[in-house]
Amino acid sequence: MRAAPQELREALVALLPRLRRFARALARDAHDADDLVQIAVERALTRAAQLRPDAPLSSWMFGIVRNAWLDELRARGRRARLFAPEESAEQIGDASQGAHADLLAVQEALARLPEEQRAAVALVLIEGLSYKEAAHIMEVPIGTLTSRLARGREALQEMLGETTGALR
Amino acid sequence: MNFSDETVMAYADGELDGATRAAVEAAMASDPQLAQRVARHRALRGRLHGALDPVLDEPVPQRLLASVQGAPAQRRAGKTPLQHKAAPRWSWPQWGAIAASLVGGALLGPLLWRTPAGAVHVSRDGQVLASGALARALTEQLASNQPPGAPVQIGVSFRARNGDYCRTFVLRDESALAGLACRAHQAWRLEVLAHGPAPPAAAAGYRPAGSALPASVTHTLDELIAGEPLDAGAEAAARARGWQP
């Protein structure tokens, strides 16, 4: 059965918090992230017929959010590839900072990752998807996904420092 | 035993099969460094969750809830990079996909879709119907006598096997969409809508009727048509009868 529109809309509403979290990991700026979610919802509604009945809606939506983000990055062009300025390219994050500051530090670190590493980290480590699901959404082989994930992790650990207990 | 970084990572992410997982766990019991590598991966995951999970508890902005209900695109106030991007609207290419998907009974339900040209809408029972200039052209314009520069070019008119009158058309705007509509219940129901070839330059003028239709349109025509297309006389007579069978 094809998802009826009202069912699809209800499922989308339920998914909005996760889509916002995922978009926030990608885009950093909260308003930009919500714009991404909105664009993705609008695209999803126009493409409802493409949703395979047996495919999880969440995976489909993560893919649409990510593609919307890629479109946005292309539109911003090279200048806005979100590489951090040189002078702040050192450890960010500090165990003494509060939760909000930690959010900023994590987002700053995520923003410095190459896009494909950031997407891999967001899908697997934040959204909790399996490697297989994440690879499917990113349209890459699993081996590519795992190497992006490994590199993204390594870079994040260096940027964020070992403030959560484990030793180097 | 020495495990690669990717294996340790996969272990921490719960991605290993039973045998490899058991091997890592056995090694961790006697190898604090390995245990530490795993802990490091898990700590990062925890830190990312700690930073981003509060987003889950934020109230969802009204504009997002509205967009799920299909409200007109509404962006927040203020200038931002994303805002300069064209707000997604119902574009003709999307329309082609939707309309095509509707053919064959896959109904999207009681939605009123808007199009830039106002040429198509979806009825309450999910049918894609012509409206506006397209509907007028389908009702009034004769293929044999079309005003030059008309926004809609009628291709052929014919009777379908069920007796309904149907007509092919090409939109002569940048969308270059072409389609086939049949008259039923006082409305023009779209059977197919597809991308046509690039429209001729404005100066190029008239394009021969029936030519340059997308394959999906000619295919639908072939499937539906009973006999031959109407000639000019039969077409005018059908129009005079209001396209009633």
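Is T220(B) buried or exposed? T220(B) counts as buried, because it has 23 C-beta neighbours inside 10 Å, and the cut-off for that label is 20 or more. Keep in mind that we're looking at a predicted model here.

Let's stay with T220(B) for a moment. You'll find it in helix α9 of chain B, which covers residues 215-224. If you skip residues up to four places away in sequence, T220(B) touches L180(B), E191(B) and V192(B). Take L180(B): it sits 40 residues from T220(B) along the chain, yet the C-alpha atoms of the two are separated by 7.7 Å.

**Chain A and its helices**

Now hop over to chain A. Of the 168 residues in chain A, 39% are buried. Look also at the contacts between residues at least 6 apart in sequence: in chain A, 65% of these join residues at least 24 apart.

How do you describe two helices that pack together? You give the angle between their axes and the distance between the axes.

| Helix pair | Angle between axes | Distance between axes |
|---|---|---|
| α1(A), residues 5-27, and α2(A), residues 30-46 | about 130° | 8 Å |
| α1(A) and α3(A), residues 57-76 | about 40° | 10 Å |

An angle of about 130° makes α1(A) oblique to α2(A), and the crossing is right-handed. On the α1(A) side, the contact includes L12(A), L16(A), L19(A) and A23(A), while α2(A) brings residues including A33(A), L36(A), V37(A) and A40(A). Sort the residues of this contact by type and you get 13 nonpolar, no polar and four charged.

With an angle of about 40°, α1(A) is oblique to α3(A), and α1(A) passes α3(A) in a right-handed crossing. Among the residues that meet here are L15(A), L19(A), F22(A) and L26(A) from α1(A), and M61(A), F62(A), V65(A) and W69(A) from α3(A). This contact divides into twelve nonpolar residues, one polar and two charged.

In soluble globular proteins, nonpolar side chains tend to be buried together. What does that look like here? The largest nonpolar core has 60 residues, and the members that touch the most other members are L36(A), V37(A), A40(A) and V65(A). The element that gives the most to this core is α1(A), with nine residues. Another core lies apart from it, with 32 residues, among them L138(B), C166(B), F169(B) and L193(B).

Which residues does A40(A) contact, leaving aside its neighbours within four places in sequence? They are L19(A), M61(A), I64(A), V65(A) and A68(A).

**Two loop residues with positive phi**

Finally, have a look at two loop residues. E139(A) isn't a glycine, but its phi is positive, about 60°. E139(A) is in the loop between α6 (131-138) and α7 (142-160) of chain A, and it counts as exposed because 11 other C-beta atoms lie within 10 Å. Over in chain B, Q186(B) is also a residue other than glycine with a positive phi, near 65°. Its place is the loop between β5 (177-184) and β6 (187-195) of chain B. With 9 other C-beta atoms within 10 Å, Q186(B) is exposed.

Notes. Residues are numbered from 1 along each chain as its sequence is written. Chains are lettered from A and ligands numbered from 1 in the order in which they are written. This is a predicted model: local features need pLDDT of at least 70, side-chain atom pairs count only at pLDDT 80 or more; totals for chains, interfaces and linings use all residues. Axes are lines fitted to C-alpha atoms, for helices over the stretch in contact, and angles run from 0 to 180 degrees between N-to-C directions. Helices (H or I, at least four residues) and strands (E, at least two) are DSSP runs, numbered from the N terminus. Angles under 35 degrees count as roughly parallel, over 145 as roughly antiparallel, 65 to 115 as roughly perpendicular and the rest as oblique. A crossing is left-handed if the near helix is turned anticlockwise from the far one by less than a right angle, and right-handed if clockwise. Two residues are in contact if their C-beta atoms, placed from the backbone, lie within 7 Å. Ala, Val, Leu, Ile, Met, Phe, Trp, Tyr, Cys and Pro count as nonpolar, Asp, Glu, Lys and Arg as charged, and the others, Gly among them, as polar. A nonpolar core is a set of buried Ala, Val, Leu, Ile, Met, Phe, Trp, Tyr and Cys residues joined through C-beta atoms within 7 Å. A residue is buried if 20 or more other C-beta atoms lie within 10 Å of its own, exposed if 12 or fewer, and partly exposed in between; C-beta atoms are placed from the backbone.
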